Amino acid sequence: MEEGISFNPLGDIPAEKKLGLAPGTYPKTLEASMAMMHPEDIPTYRESVQHSLRTGEAFEATFRLADGRGGWRRIEGRAVPTEMRDGKPVEWVFINRDFTAQRETEEALRRSLGELEASRLELKSKQDQLWRLAANAFSIIGEAHLMQTDVELRYFGDTPPEDKIGMAPGTAPKSIQQLVAMMHPDDVSAYLKSMESSMNSNVPFAVTYRLPDGCGGWRWVQARALCVEERDGKPVQWVHDTRDITEQKELEEALRKSVTELQQLKAKLQAENLFLREEAGLESTVPEIVGQSPALKRVLEQVALVAATSSTVLISGETGTGKELVARAIHQGSERRKGLFVALNCAALPTTLVESELFGHEKGAFTGAVTRRAGRFEQADGGTLFLDEVGELPLETQAKMLRVLQAGEFERVGGSQLLKTDVRVVAASNRDLDQAVREGRFRSDLYHRLAIFPIHLPPLRERREDIPLLAAYLVMRKAARMGRKIEQISNRILETLVEYDWPGNVRELENVLERAIILSPGTSLRAEGIQLGTSRRVRSQGRELAQSARPVEEDVTLESNERAHILRVCEAASWKIKGPGGAAESLGLNPSTLFWRLKKHKIRRPVRT
């Protein structure tokens, strides 16, 4: 079965460009992919694929692909089954990422750090004290003599000492007092302390300090001295060596910055990878909102208007009305759709961890903070942050979040570094935030900052005309996930669903239908499988409303509802199938899958006259 697996990359940018492959070399099939793969990686990769074929589970793999230029690219891949047939996966969503440059950078950095450490060890060698100094043409070698009130400095060789360490001509100090007067103020104390220790204990003298270069800058120098004459047990003469280490210091600083940047990049990549893996587990990358009622159409019109802006949005509505779906629709319709959509349920977090989740924390900020962690505002930089149940945030956290919304600045918990972020915030709540403001449980300034563009989602009982179409869609999706095929929903079941008040809204409808599928072993949904809550009132006039809202045929099939829904989406997209804003994107389908379904339902684009 492996030989029959083909790859269909998404997006307008060629896959070769994203993965660093030569043009035209991206493999179109699994067999072609393994032909390009490094021989050492093939067994593990094949076993991962076979395990996914047997169990229907997602799989991850790291492997090397020939780049078509004589080298190898390191690829990290993940595949998630999205369609099953006869209990076996037949379609996957896969994400491949090229991390060759990251690996090469890490290896180069490790080599550089190793070389630097080896250089330090060499300089500290006891055997390097005097005879190596004499052979170093770039060192200042001389003598130091103890006088009555000072230590006199003399230099060996014909080359001026200033030339060896980058100082202005004629500025080399003649005594320790002159040297200290020229030295950088921050280095004087350490120099005098080392010198005093050497004179009292007669141990070799070694110190690092800065001297002016005569051009407004500073040169780093390393000085060492070895006593060669004593008088009454006290050193009176030394041989000294001074050399310029400015370039070494600059290299060390550059390496430190590179390590810090690499750590920050690694943390960001890990955070993005985590969220990308979570996104890959969804049925579609574009949320699918099903319905034709005027109330839902008004919501979709508002979504289309605000998606084109960067304004914050406050979504209100009862539990289960689909607030996160609307937030995802806003993200997908905006210019930020290439960034991450990061969701956080504020009600699910303990009060003590809310700020850590939002803003991140530094290592040691609190008990259990063993490493630095990026917060949701940092992870969503360049994308959208969805804050569900925002009304549950503590008041002290609300003040800090207001600062982020106004200035785009925040600090990690336990940190002092000011971080910048560019995030669009979409908040949601099933509570009356206006009432919470009046009661002092929610900040009025934060409320008005969030509610720049409010969207209210109607409960399912206020758009009953959407229930038949919504039920058909949910049954089709749930049945496919279970490896089942439900072809029919009876008129009696639809009437029952339309008459019920649905206090749990779409979420409750989804759960009721999933239970009904389990209780219906055949290809038709059984009426006795529809088990509604007993503590809620059923509308007595529901039958009349259902009849007036949508005429239901005696036997409504899932196939007919699917055909009608696909037709409506294609018409809304002006029959654009592929690409941004196309029908395949709106339906959350691969374009090839949508073409197959168009052919199956015999749907043709109308001829323009």
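**Notebook: burial, helix packing and backbone angles**

I began with burial and found that buried residues make up 42% of the 609 residues in the protein chain. I took buried as under 20% relative accessible area, exposed as over 50% and partly exposed as in between, with a 1.4 Å probe and protein chains only. This is a predicted model, in which local features need pLDDT of at least 70 and side-chain atom pairs count only at pLDDT 80 or more, while totals for chains, interfaces and linings use all residues. Residues are numbered from 1 along each chain as its sequence is written, and side-chain values use heavy atoms, with hydrogens and water left out.

**Entry 1: overall content**

I noted 23 helices and 19 strands in the protein chain. Helices (H or I, at least four residues) and strands (E, at least two) are DSSP runs, numbered from the N terminus. I then looked up contacts, meaning heavy atoms within 4.5 Å. Among contacts between residues at least 6 apart in sequence, 63% join residues at least 24 apart.

**Entry 2: helix 10**

I compared the length of helix 10 (residues 294–307) with expectation: at 1.5 Å a residue its 14 residues should span 20 Å, and the end C-alpha atoms are 20 Å apart, which agrees. The expected span is 1.5 Å times one less than the number of residues.

I next asked which residues of helix 10 are buried. They are A295, L296, V299, V303, V306 and A307. Seen down the axis, the buried residues of helix 10 fall within an arc of 100°, so they line one face of the helix; the arc is that of the directions from the helix axis to the C-beta atoms. On the other side of helix 10, I found R298, E301, A304 and L305 exposed. The buried residues pack against strand 9 (313–316), helix 11 (323–332), strand 16 (424–429) and strand 17 (453–456).

Two packed helices are described by the angle between their axes and the distance between the axes. Axes are lines fitted to C-alpha atoms, for helices over the stretch in contact, and angles run from 0 to 180 degrees between N-to-C directions.

I looked up helix 17 (residues 467–481) with helix 19 (residues 505–518): their axes come within 10 Å and cross at roughly 50°. That makes helix 17 oblique to helix 19, given that angles under 35 degrees count as roughly parallel, over 145 as roughly antiparallel, 65 to 115 as roughly perpendicular and the rest as oblique. The contact includes L470, L474 and K478 of helix 17 and V506, L509 and L513 of helix 19.

With helix 21 (residues 558–572), helix 17 packs at an angle of about 110°, the axes being 9 Å apart. Helix 17 and helix 21 are therefore roughly perpendicular to each other. Here L469, A472, V475 and M476 in helix 17 meet L558, N561, E562, H565 and R568 in helix 21.

With helix 18 (residues 491–499), I recorded an angle of about 115° and axes 9 Å apart. I467, P468 and A471 of helix 17 make the contact with L494, L497 and V498 of helix 18.

**Entry 3: positive phi**

I looked up two residues other than glycine with a positive phi: N505, near 60°, and K602, near 55°. N505 lies in helix 19, and at 0% relative accessibility N505 counts as buried. K602 is found in the segment after helix 23 (591–600). K602 is exposed, with a relative accessible area of 69%.
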